[in-house]
Amino acid sequence: MEDETEGIDWLGILATEEEIKENNLGRSNCIINRWDTLQFYIKVISRMPGQASNTQYVVCYGNRLDNEAIIDNQAYDEDVRINDYVKQLKNYFFRFNYEVNQAGYFVAKNIDIISLSETYYPGKGYTTIPMIVSKHPVYSKDTVYDNYEQLEKVLKEGMYVSKLNKYNTTDLENIPYILFHDTETLEYRIIGNFTRFDYDPMKGIHYEFSELKSFLFEEDWYDDVVSFEGNHSLLYVGDNVHKKIMTKLDESEPIAVNEMEDTSVEENGKAIWEEVQDSEWEFIEHFEAVAKKDGLFYTKRDLINFHTAVKSSSLVILSGLSGTGKSQLVQCYAKALGLGDEGFHMIPVRPNWNDDSDLIGFVDSMHMVYRPSALYH
């Protein structure tokens, strides 16, 4: 099955020597492989809204980096060639998506670069935000918005907005706003406080809201975004700015109110919460506290959705790029439930896992015996 996150555009920087060694990824962050190609690791520093801030490393081959700004001086001696290349790589952000090779490694492709911003510092993270750019359709048949007022009108009338490119639409429920970038004024504007959404691959996104809110990007936020030329559907926003936007979104006055939405939400919410025991909500609060204590970044909606899924089904599948917090979420849930080694068992599998023997064992036909998995030892 194709990993639906492979087509997403991620943001990264060159991994350090220390990070590569600490994660047992190799002897160096940049080597010359057997095909005489420079090979290095990119550290992912962006995440989709609501994902944990766990780190992933992706292999990148120099011959896939089609940019004249970074030069591979093959005439140099091996050590000089590598050091010169690394010195250049350290100056750039990388935007890319990836593929999984036969060995199960993530390999970067469709790579673009932009100079590292002065505000970047080691350990800084970015949240990937959906964006609409004026006068630039994402796809050829998309609706074009000449200005923000046209977009606002469409949202107020409950019409489909636009499709997204290089973005994981399953994560839209974790982000209650979108960005509008005006190419004439160069301003960014936030609009949202969306409560639900419906995504149609042909029509685009239909957002629902009880209170629609909007405000301009503050002046000191502009230094904390990363934008690539030609990308008209997403923007990388510094995690600190994203938190400020979420706070301001809660505090701002609405520009429109959907009375029908208010009524339905209130009535449905009342009916639902009347059936929920106090202990259930107490567990969610406890679950959230355990996650925060472990340094994990999940929205309460994420935790509620996961808890509901586990209670509703005997099989829950979490999809996403390796290192984005799927395992940590499960471990955190087990910790919140107070499960010890007897009640919880984690079985690691490879990224390209397609065999259930790790879970249930397998038949050893040579010796005519059943070999149970580690789960039953």
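Select Phe40 to begin: beyond its neighbours within four places in sequence, Phe40 is in contact (heavy atoms within 4.5 Å) with Leu14, Asn29, Cys30, Val58, Val59, Cys60, Gly62, Leu65, Tyr85, Leu89 and Phe94. This is a predicted model, in which local features need pLDDT of at least 70 and side-chain atom pairs count only at pLDDT 80 or more, while totals for chains, interfaces and linings use all residues. Residues are numbered from 1 along each chain as its sequence is written, and side-chain values use heavy atoms, with hydrogens and water left out.

Phe40 and Phe94 have the most contacts inside the largest nonpolar core, which has 72 residues. Such a core is a set of buried Ala, Val, Leu, Ile, Met, Phe, Trp, Tyr and Cys residues joined through side-chain atoms within 4.5 Å; buried means under 20% relative accessible area, exposed over 50%, and partly exposed in between (1.4 Å probe, protein chains only). Next, select Ile284, Phe287, Phe306 and Leu329, which are included in a second, separate core of 13 residues.

Move to Ser28, in the loop between helix H1 (17–22) and strand E2 (30–32); helices (H or I, at least four residues) and strands (E, at least two) are DSSP runs, numbered from the N terminus. Ser28 is buried, at a relative accessible area of 17%. The side chains of Ser28 and Glu17 are joined by a polar contact of 2.9 Å.

Finally, select helix H4 (residues 239–251). Its buried residues are Asp239, Val241, His242, Ile245 and Leu249. The face of H4 turned away from the buried side carries the exposed Asp250 and Glu251.

Key: The expected span of a helix is 1.5 Å times one less than its number of residues. A polar contact is a pair of N or O atoms within 3.5 Å; within protein, one must be able to donate a hydrogen and the other to accept it, and residues adjacent in sequence count only if both atoms are side-chain atoms.
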